[in-house]
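Here is a friendly briefing to read alongside the coordinates. Please keep the viewer open as you go through the points.

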Amino acid sequence: MELDPVLLARTQFGFAISFHILFPTLTIGLSGFILLLEALWLRTGREAYLRLAKFWTRLFALAFGMGVVSGVVLSYLLGANFSRFSAATANVLGPLLGYEVLTAFFLEAGFLGIMLFGWNRVGPRLHLFATAMVAVGTLISAFWILAANSWMQTPAGHTFDGARFYVADWWAVIFNPSFPYRLMHMSMAAYVTAAFVVAAVSAWHLLKGRDVESARLGLRFGIGLAAVLAPLQIFIGDLHGLNVQEHQPVKIAAMEGLWETRGAAPLLLFAVPDQKAETNHFEIGVPKLASIILKHDAEGVVKGLKEVPPQDRPFVFQVFWAFRIMVGIGLAMLALSWLGALAWWRGWLERSRLLLWTFVPMGGSGFLAVLAGWSVAETGRQPWIVYGLMRTADAVSPVAAGVVLSSLLAFVAVYAALFVAWLYYSAKVIRRGPDAGDTHEPGEQGQRPMAAGN
Amino acid sequence: MTLDLPLIWAGIIAFAVLMYVLLDGFDLGIGILFPFNPDRRDRDVMMNSIAPEWDGNETWLVLGGGGLLAAFPGAYAVLLPALYLPIIVMLLALVFRGVAFEFRFKAERSRAVWDTAFAAGSALAALSQGVVLGGFIQGVNVVNGEFAGGSFDWCTPFALMTGLGVASGYALLGAGWLIVKAEGGLRERAYRSARIALVCVAVFMAVVSLWTPLEHGFVAARWFTLPNLFFLAPVPLLTAAALLYGWVAIARQHNWGPFIAGLLLFLLGYLGLAISLWPFAVPYNVTVRQAAAADPGLMLMMVGVVVIMPLVLIYTAHNYWVFRGKTGHDGYH
């Protein structure tokens with residue numbers, strides 16, 4: 001069998017970056033939540049806030065560690081797998097990534113030690129400041145990396161001589177057309193994801209009767225934040241979609257499974273897109289709804305995939321279904337958070353074990369939605385690595401396919417093992433609950449291990 | 001006056017890589033010394049001594065990579081494919097030892113697994129960094145600005161030797177750090193480890209210093225022609241002095257001396273390499289100027305470095321100050 005070096009390089013990078021994004025998603029959201037808890041504790045002096053802050057810091061530390069190590073990998077894997085892309089775009093993307101390191105990574109790293117281990121080394125105000133710096137650092141990091149990604153999706157502010165990109169206008173490069181939408185959509189995704197994680201863990205603690213005071217508090221934070229942010233996220237997502245339609249109409253056509261350009265386009269609920277036959281099988285759709293959503297006009301004309309030749313189309317099946325998974329999860333999150341808010345308002349939130357149990361598995365929903373969403377964004381822009389200008393096929397490194405394949409297998413094995421370990425230790429922290437934080441392990445005196453958040 | 005941006009950037013990247021080697025060097029060294037300190041409490045202290053610092057230390061590696069991409073794409077796009085395998089091994093090894101910091105303290109029955117992950121990951125990361133260095137020094141095959149060699153070109157006795165050299169240097173830094181941060185038996189053993197590591201470093205530095213000019217006429221000409229011979233003679237002489245200082249500091253059980261000797265040795269070795277290889281960004285094919293990015297990006301980035309780097313250094317120093325003193329006796333309830 002012939003190995004396809006382009007597909008291998010994409011698979012390896014896609015796998016490594018998908019694995020990575022899970023952790024920043026959680027740590028962006030959780031650091032904001034921990035900052036809120038610490039500030040509330042300083043203001044009110046209520047112990048439960050502090051217990052919750054320290055408890056979530058323990059989980060944050062586990063996820064942050066995973067994010068750091070999988071992120072360091074990416075900064076080198078980019079050049080290792082896509083050296084021709086690196087050489088061509090370095091003038092544009094290099095400074096953006098450089099600024100991410102300078103303004104975000106060092107800031108996070110410089111205050112992470114204090115946030116995790118500094119409770120007895122610095123006063124509560126300096127500790128709060130350290131937590132704030134870490135939380136801000138995660139957002140600054142998102143700013144630069146999404147600027148870079150958005151430039152690849154909707155390049156602007158550059159000149160291109162066929163081999164290399166040169167910057168003409170930095171402002172236009174950074175604030176390229178899709179950047180504001182992508183930045184909002186992703187940051188909001190992180191906060192919604194974290195809100196559901198907090199709600200899930202708190203619901204489970206309530207069900208198990210573990211530190212009920214903190215759990216009640218946590219559940220209300222989770223539900224409250226989710227009920228406000230989930231609809232906001234759907235609104236932002238819609239704006240983002242309109243922006244994609246303007247700049248990447250082929251991606252929209254793939255998301256909607258639309259082959260022919262047409263008016264009164266239906267919103268397909270189910271279909272099996274067939275790339276070769278250029279059509280869908282087993283279509284079930286709502287008439288005119290896609291036109292209404294995308295054009296705000298029932299007869300509006302939506303461009304189809306056949307506007308471009310077959311070699312310029314993405315793999316429709318994946319884009320189509322990833323989009324449906326993302327939207328489906330988003331709607332489920334909205335429904336559940338509002339149901340939770342209703343139950344809170346009517347006073348039966350903690351009495352309904354069924355509702356509490358529903359929140360538990362939904363803790364993972366945000367991560368799936370994020371993966372599905374990025375799958376839409378990144379698969380949907382293929383075959384371009386710099387949209388409309390440079391093809392992914394022209395971007396890969398001159399590295400033997402067998403070498404890429406063997407390192408891909410190594411990554412899959414290592415990451416799978418780490419993921420299991422991360423889940424295991426996170427579950428362990430969750431099982432012990434917020435009130436177990438300061439207890440010593442049996443037989444341990446004096447030289448206590450410096451685990452996070454103790 | 002116009003700024004010579006590629007030259008300035010060569011200096012910035014060199015600074016970032018040096019910071020990385022010195023800082024992550026000592027925390028990787030702690031991992032290398034793990035097998036020689038089997039007691040669990042000792043290992044707790046060893047890990048605690050670097051837990052608040054390792055993330056910041058490793059950030060310099062990302063700055064080195066990101067900076068290389070931004071400033072010298074012609075080198076980044078050649079070196080990464082050329083050194084693909086040792087770099088992947090280094091990254092995976094860093095993954096293992098990085099997660100061990102959190103997992104180890106959460107583990108009870110499986111602690112041995114994360115002890116091994118930390119020790120083996122640190123050692124393997126150090127080795128592969130040394131191999132990458134060796135692969136760099138021995139030169140990379142470049143045609144039309146692209147890597148044109150094979151996947152295993154880096155795999156030579158020379159590169160394996162530099163791998164061991166870097167690992168023993170990191171062990172020396174780790175032992176020096178431990179002498180400062182630890183007490184009792186752990187500190188005593190650290191002196192013994194430092195002595196062994198120092199001897200290894202001396203041997204490897206001597207071998208590399210002879211082997212490189214013998215292999216590469218370019219390097220030989222740099223050092224052994226007149227008048228360079230006289231101007232550059234202080235480098236090996238100072239290196240010999242630093243080795244001697246390290247030996248004495250260990251023998252007399254100085255507190256900071258062994259660590260400082262380790263830093264000096266790395267500094268001098270680094271200086272020696274810079275002298276040997278200048279002006280190449282990819283030895284002996286692509287110069288710094290050929291590899292450099294366009295000026296606007298270099299300018300934008302330089303402004304960022306000038307403004308932000310002092311801040312970074314200040315809060316990095318602050319972090320070290322907060323966690324100063326002996327580890328494991330105060331602070332953590």
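Predicted model: local features only at pLDDT ≥ 70, side-chain atom pairs only at ≥ 80, totals over all residues.

Residues are numbered from 1 along each chain as its sequence is written, chains are lettered from A and ligands numbered from 1 in the order in which they are written, and side-chain values use heavy atoms, with hydrogens and water left out.

**Interface of chain B and chain A**

- About 7000 Å² is buried between chain B and chain A, and carbon and sulfur atoms give 69% of that area; buried area is the accessible area (1.4 Å probe) that two parts lose on being put together, summed over both.
- Chain B puts 74 residues into the contact and chain A puts in 81 residues, where contact means heavy atoms within 4.5 Å.
- The interface holds 1 salt bridge, a term for a side-chain nitrogen of Lys or Arg within 4 Å of a carboxyl oxygen of Asp or Glu.
- That kind of bridge links the side chains of R84(A) and E146(B), at 2.6 Å from N to O.
- Between chain B and chain A, 17 residue pairs are in polar contact, with both residues at pLDDT 80 or more. A polar contact is a pair of N or O atoms within 3.5 Å; within protein, one must be able to donate a hydrogen and the other to accept it, and residues adjacent in sequence count only if both atoms are side-chain atoms.
- Helix 5 of chain B gives the most to the side of chain B that touches chain A, with 15 residues. Helices (H or I, at least four residues) and strands (E, at least two) are DSSP runs, numbered from the N terminus.

- N37(B) sits in the loop between helix 1 (5-33) and helix 2 (40-50) of chain B.
- Its relative accessibility is 3%, so N37(B) counts as buried; the classes are buried under 20% relative accessible area, exposed over 50% and partly exposed in between (1.4 Å probe, protein chains only).
- Leaving aside neighbours within four places in sequence, N37(B) is in contact with R43(B), M46(B), L186(B) and R189(B).

- Most residues other than glycine have a negative phi, and most peptide bonds are trans.
- Q382(A) and P383(A) are joined by a cis peptide bond with omega of about 5°, and P383(A) is in the loop between helix 12 (365-379) and strand 7 (384-386) of chain A.
- W278(B) and P279(B) are also joined by a cis peptide bond, with omega of about 5°.
- D211(A), not a glycine, has a positive phi of about 40°; D211(A) is buried at 10% relative accessible area.
- E278(A), again not a glycine, has a positive phi of about 55° and is partly exposed at 25% relative accessibility.

**Aromatic rings**

- Over all chains the count is 48 aromatic pairs. Rings of Phe, Tyr and Trp (its six-membered ring) pair if their centres lie within 6.5 Å; planes under 30 degrees apart count as stacked, over 60 as edge-to-face and the rest as tilted.
- F143(A) and W144(A) make an edge-to-face pair, 5.1 Å centre to centre with 85° between the planes.
- The pair of F152(B) and W154(B) is tilted, because the planes are at 35°, with the centres 6.3 Å apart.
- F152(B) is exposed at 56% relative accessibility, whereas W154(B) is buried at 13% relative accessible area.
- One aromatic cluster is formed by F15(A), F19(A), F23(A), F411(A), Y415(A), F419(A) and W422(A).
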